[in-house]
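This briefing goes with a predicted model. Look at the structure first, then read the points below.

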Amino acid sequence: MAYQAEYIWLDGYEPTPMLRSKTKILADDVTDPPIWGFDGSSTEQATGDKSDCVLRPVFTCPDPIRGGQNILVMCEVLLASNMRPHPSNTRAACARVEKKFAADEMLFGLEQEYTMLRPDGTPLGFPPGGGQPRPQGPYYCGVGTGRIMGRDIVEEHTQACIDAGLMISGTNPEVMPGQWEFQVGPLGPTAVGDQLNVARWLLHRIAEDYDVVISLDAKPEKGDWNGAGCHTNFSNKAMRGDYKAIINACEAIGKNYMDLVLNYGDGIQDRLTGKHETAPWDKFSYGVSDRGASVRIPWQVERDGKGYAEDRRPNANCDPYIVAKMITEIVCGSTAKGARKR
Ligand code: ADP
Ligand code: MN
Ligand code: MN
Ligand code: MN
């Protein structure tokens, strides 16, 4: 007998890569999915004359859709010529930084917001022929017809993530109708990206069966409608024990705010306007409980005098490997310097 392994990877599309996947049939006695390949000339990752790219499995979990012995296999892309990371492979650098700062035990929790669209591109909460629904207000964490759209998909996706063994930590309906959120974490810098990518893939895949498009666009509707972010909660060992370390982390992020914001996903200026629970993209601020700040310290964290902070700026369409890598470098790099007294 045999089973199916769905190999998932990120393509070379810019500015925002897309998920791709294909199926490999494995014999029953194969326990580890092997290295595989694909046609990089069809994914913006190679030219036709040197088209082969390599898929190296990095994270495997049960396939909650096919069930049984079947698995999902998150992969990184390598160059066939030398088995080095492909230029589109942002995971490799993240893994390197995680290793460098392993002693800091960095943890991330990502809040993935997304918007459900009809195949014609209108959000599920908007009238099909065009026009606007009732203004924002009743939708966030709402219940009932007219306030909630697409809950079937959310229920199915959440259970699928649990069945796959992913560290999903919650879900909620968002401020704009047809917009939702799920959270993944807390996990290490590379693992949180692996699991978020599998969770994103499951969402796209499940929504296929409902003829719904999942958009990670940062500002799907112009005007008085919230955008979609990927709030990034982070902590290292020091922050989980000491409030001073949280302040130091916020200060370090502030020193690098522009470098970070330019790597937080396509269309960030459209979303970080200073309205709709955002801080302006070109100004840095942090504060306790402040949803209008770039970085928020949750009130429980201030009360406990330890915990984590939330960078509210990353877009829904961000690359979690890039975000986790940069925050790890900045937060752990600065505390390392501060701690090294001579
Ligand atoms: P919000 O109040 O901003 O909506 P959420 O509850 O949606 O926050 O998400 C918070 C995320 O932070 C969750 O994914 C959670 O697992 C994560 N988290 C909790 N504690 C930590 C920590 N110490 N370090 C990093 N992430 C954490
Ligand atoms: Mn949230
Ligand atoms: Mn949210
Ligand atoms: Mn948040």
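**Domains and ligand**

About 1400 Å² of area is buried between domain 1 and domain 2, and carbon and sulfur atoms give 78% of that area. On the domain 1 side, Leu19, Phe59 and Ile65 lose the most area to domain 2, and together they make up 34% of what that side buries. The size of an interface is often given as the accessible area lost when the parts come together. The model also holds ligand 1, which is surrounded by 16 residues.

**The two domains**

- Domain 1 covers residues 2-88 of the chain, and domain 2 covers residues 97-341.
- The centres of domain 1 and domain 2, taken over C-alpha atoms, are 26 Å apart.
- Contact between the domains involves 15 residues of domain 1 and 17 residues of domain 2.

**The shell around ligand 1**

- By type, the shell consists of 5 nonpolar, 6 polar and 5 charged residues.
- Three strands, β6 (107-117), β8 (179-187) and β10 (230-235), each supply at least two residues of this shell.

**Polar contacts and cover**

- The side chain of Glu111 has an N or O atom 3.0 Å from an oxygen atom of ligand 1.
- Ser169 places a polar side-chain atom 3.1 Å from an oxygen atom of ligand 1.
- Gly185 takes part through its backbone, where a polar atom is 3.3 Å from an oxygen atom of ligand 1.
- On its own, ligand 1 has 590 Å² of accessible area, and the protein covers 75% of this.

How values were computed
Residues numbered from 1 in each chain as written. Chains lettered and ligands numbered in written order. Predicted model: local features only at pLDDT ≥ 70, side-chain atom pairs only at ≥ 80, totals over all residues. Heavy atoms only, no water. Near = heavy atom within 4 Å. Polar contact = N/O pair within 3.5 Å; in protein donor to acceptor, adjacent residues only side chain to side chain. Areas by Shrake-Rupley, 256 points an atom, 1.4 Å probe, with all protein chains shown as cover. Helix = DSSP H or I, 4+ residues; strand = E, 2+ residues; numbered from the N terminus. Nonpolar A, V, L, I, M, F, W, Y, C, P; charged D, E, K, R; others polar. Domains from an automatic or database assignment. Contact = heavy atoms within 4.5 Å. Buried area = accessible area lost by both parts, 1.4 Å probe.
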